[in-house]
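Please keep the sequence and the 3D view at hand while reading.

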Amino acid sequence: MCNDATKSTLATNKLYGLTFAAYVDIDLTKSRTISLRTLLDSSVVESFGAGGKTVISSRVYPTLAEGDHAHLFIFNNGVADINVDKLDAWEIQKPLMNVGA
């Protein structure tokens with residue numbers, strides 16, 4: 001699995017364009033299922049593979065990818081086809097401000 005930050009900004013100076021990768025060590029002959037979870041914050045991308053056995057954390061500096069303009073892409077660069085059985089997405093809401101505190 002990888003976090004590819006090269007497309008995370010439209011800035012022309014491309015100060016940050018790294019790709020982070022790690023192996024998800026599972027035996028696909030025993031289980032045909034891979035669990036992948038990615039959490040996006042305003043400048044942090046955290047990806048968890050196989051229930052957290054593999055973790056990648058990286059920083060991104062988006063110029064336009066905020067709110068409804070933020071996107072997450074999944075892709076397969078392997079040699080075998082992969083079926084996606086389930087794909088869920090949630091938006092984290094801003095915290096409520098405690099005015100009386």
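This is a predicted model: local features need pLDDT of at least 70, side-chain atom pairs count only at pLDDT 80 or more; totals for chains, interfaces and linings use all residues.

Which residue in S5 is the bridge partner of Gly-49? The partner is Thr-54.

**The chain as a whole**

The protein chain contains five strands and zero helices. Read from the N terminus, its elements follow the order β-β-β-β-β. The protein chain has 101 residues, and 14% of them count as buried. Its accessible surface is about 9,000 Å², and carbon and sulfur atoms hold 55% of that area. Among contacts in the protein chain with a separation of 6 or more, 41% are between residues 24 or more positions apart.

**The sheet**

Three of the strands make an open sheet in the order S3-S4-S5, with antiparallel pairing. S3 and S5 are the edge strands, and each of them pairs on one side only. From one strand to the next, the twist averages 10 degrees.

S3 covers residues 36–40 and S4 covers residues 44–49. Five bridges hold these two strands in an antiparallel pair. Within S4, Ser-47 is the residue opposite Thr-38. The link from S3 to S4 is a hairpin of three residues.

S5 spans residues 54–59. Besides the pair of Gly-49 and Thr-54, Val-45 lies opposite Ser-58 in S5. Four residues separate S4 and S5 in their hairpin, and Ala-50 in that turn has a positive phi of about 55 degrees.

The pairs and joins can be set side by side.

| Strands | Bridges | Hairpin residues between them |
|---|---|---|
| S3 and S4 | five bridges | three residues |

Glu-46 belongs to strand S4. Is Glu-46 buried or partly exposed? Glu-46 counts as partly exposed because its relative accessible area is 28%, which falls between the limits of 20% and 50%. Apart from neighbours within four places in sequence, Glu-46 is in contact with Arg-37, Thr-38, Leu-39, Ile-56 and Ser-57. Computed along the sequence is not the whole picture for Glu-46 and Ser-58: 12 residues apart in sequence, they are 6.5 Å apart from C-alpha to C-alpha.

**A nonpolar patch on the surface**

Which residues form a nonpolar patch on the surface? They are Leu-40, Leu-72, Ile-74, Val-84 and Leu-87, and together they have about 500 Å² of accessible area. Leu-87 lies in the segment after S5. Leu-87 counts as exposed because its relative accessibility is 62%, and the limit for that class is over 50%.

Key:
Residues are numbered from 1 along each chain as its sequence is written. Side-chain values use heavy atoms; hydrogens and water are left out. Two strands pair if DSSP finds at least two bridges between them. Axes are lines fitted to C-alpha atoms, for helices over the stretch in contact, and angles run from 0 to 180 degrees between N-to-C directions. Buried means under 20% relative accessible area, exposed over 50%, partly exposed in between (1.4 Å probe, protein chains only). Contact means heavy atoms within 4.5 Å. Accessible areas come from the Shrake-Rupley method with a 1.4 Å probe; for residues, only the protein chains shown count as cover. Patches are made of residues with over 30% relative accessible area and no salt bridge: like charges are joined within 9 Å, nonpolar side chains (Val, Leu, Ile, Met, Phe, Trp, Tyr) within 5 Å. A salt bridge is a side-chain nitrogen of Lys or Arg within 4 Å of a carboxyl oxygen of Asp or Glu.
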